[in-house]
Amino acid sequence: MSISESAKQNLIVVSNRLPLSVKRAPDGSYQSSISSGGLVTSLSGLTKTTKFRWFGWPGLEVQKESEIEEVKRSLGEHDAYPIFLSDELAHDHYNGFSNQILWPSLHYQSGVIFKDGPWEAYRKVNELFADSVAEAANDGDLIWVHDYHLMLLPKLLRERLAKQGKKCPIGFSLHTPFPAADFWRALPVSKELLEGLLASNLVGFHTDEYKQNFIDSCGLVLGADTNIPNKIQYNGRLILTDKFIVGIDPQKFVDTKQESDVQNRIGQLKDRYKGIKVILGVDRLDYIKGLTQKLIGYETFLEQHPEWRGKVVLIQVAVPSREDVKEYKDLETEISTIVGKINGKYASPDSTPLIYLHRSIPFPELTALYSVADVCLLASTRDGMNLVSFEYVACQQENNGVLALSQFTGAASFMKDGALTFHPANPNEISEAVNTALTMPDDKRKANYQKLKDFIEYNTSGRWGETFVSTLSGCSAK
């Protein structure tokens, strides 16, 4: 029996970027199309019981009133509502504070230089989001805010909703690590950010460690009462915190793998690497992904295990990221230098030990690469979860490939029984993990793989979304 539109619960989803692409057509009109990944996929299972509205920045500056209305019309067809920012404000918020100050702080990167200008931009953007969402919200709507770009938003929203006489349960999900309390308090605005989050009714994290770090920070920085497990008492309110394991849609990879073009590509890659063990790395080009550490570890492996030279290849995909930020430009230069050094030292006329792809890879090609790789090597120095590990497992039902995973990924908290884990800063540990993966007996590979497969098939993106919204709907709007 279907649920009528009037019986559905209303959910407002708020993220820095809308999950749509907006493009200007040749005739001057604007057209938008919804993406198929990320949060959209995570919430797809809720469509029968929930009515969504999406709020976020559309990714472009629009100044003319006529064009603003056109963008609103286009996005409105997908129940999406744009929050317009100038290019300068968007840059200062996203690059200036979110990614040059807050992102490194969340990932245990020291030496962050705090600046008032980017912080003011961050506050301003959060205020603009709060104005728009509070005005559009109806009494009783669920509001789900996402990620570190909007950590002030729950408090700003609660203030505005109260003035309008509206009561809405507010949930917040952080998709990065949350650092230990003593590290977090080194950020000059740590108090303001925590107070922003504690205006939520529910704050969700990917692991118990991140959740506990947040609770401890609230106690240390704010003096909040943290004696009740998984709850924080602050300013007369009781805030629930919990772990919600984010995942992927494994069936999407299974279905893509069966497409004829992908099967043909898998066959081509198997022929190309016949007799060669394939190690695959897929990462954004980001210093938290441990790419330099991974390459140094792989070089150590080639040094320590000469018997594998000419019989193994590392295919490293590094998807460009934040290319206008100096630190990321410098990282790309450093990685290219290490790649050249390894190939210069160990390549021969008959073989190349390392293939480096600094570009995005189409989904069908990525699925084929996942499918043929004997090992997936992920060396993040810190990572909220790392869903590449899930994606690799989803494509390995025939091969029972080995997952070699940094102990500092969120995924390692749950997948360590079926994966090989290592310290990413220790080249010898990476070398040993690679060698163990390549020499693992078939029965051990199969047993390990089954553990990983069971985990990703249970902890899907859909289950994550449904669990969070169900928990939030049970919260009081107070």
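I start with a cut-off: I call it a contact when heavy atoms lie within 4.5 Å. The model is predicted, so I know that local features need pLDDT of at least 70, that side-chain atom pairs count only at pLDDT 80 or more, and that totals for chains, interfaces and linings use all residues. Residues are numbered from 1 along each chain as its sequence is written, and side-chain values use heavy atoms, with hydrogens and water left out.

**Entry: a threonine in a loop**

I looked up Thr-409 and found it in the loop between strand 15 (402-406) and helix 15 (412-415). Helices here are DSSP runs of H or I with at least four residues, strands are runs of E with at least two, and both are numbered from the N terminus. Is Thr-409 buried or exposed? Its relative accessibility is 2%, so it counts as buried. (Buried means under 20% relative accessible area, exposed over 50%, partly exposed in between, with a 1.4 Å probe and protein chains only.)

Which residues does Thr-409 touch? Leaving out residues up to four places away in sequence, I listed Tyr-210, Ser-380, Asp-383, Met-385 and Asn-386. I also noted that a polar atom of the Thr-409 side chain lies 3.0 Å from the backbone oxygen of Ser-406.

**Entry: helix 13**

Next I checked helix 13 (residues 363-372). Seven of its 10 residues are buried, so the rest of the structure largely encloses it. The buried ones are Leu-366, Thr-367, Ala-368, Leu-369, Tyr-370, Ser-371 and Val-372. What do they pack against? I wrote down helix 9 (250-257), helix 10 (260-272), strand 11 (277-284), strand 12 (312-319) and helix 14 (388-394).

**Entry: cysteines**

How many disulfides does the structure hold? I got zero, with a disulfide taken as a pair of cysteine sulfur atoms within 2.5 Å. For Cys-218, the nearest cysteine sulfur is that of Cys-475, 16 Å away. Cys-218 is buried, at 0% relative accessible area. For Cys-395, the nearest cysteine sulfur belongs to Cys-376, 10 Å away. Cys-395 is buried as well, at 1%.

Last, I traced an open sheet of eight strands, in the order 5-4-1-6-7-8-10-9, with mixed pairing. (Two strands pair if DSSP finds at least two bridges between them.) Strand 5 (80-82) and strand 9 (231-234) stand at the edges with a single partner strand each, so one side of each has no neighbour in the sheet. Strand 7 (residues 170-173) and strand 8 (residues 202-205) pair in the parallel sense over three bridges, and I found Gly-171 opposite Leu-202 in strand 8.

How values were computed
A polar contact is a pair of N or O atoms within 3.5 Å; within protein, one must be able to donate a hydrogen and the other to accept it, and residues adjacent in sequence count only if both atoms are side-chain atoms.
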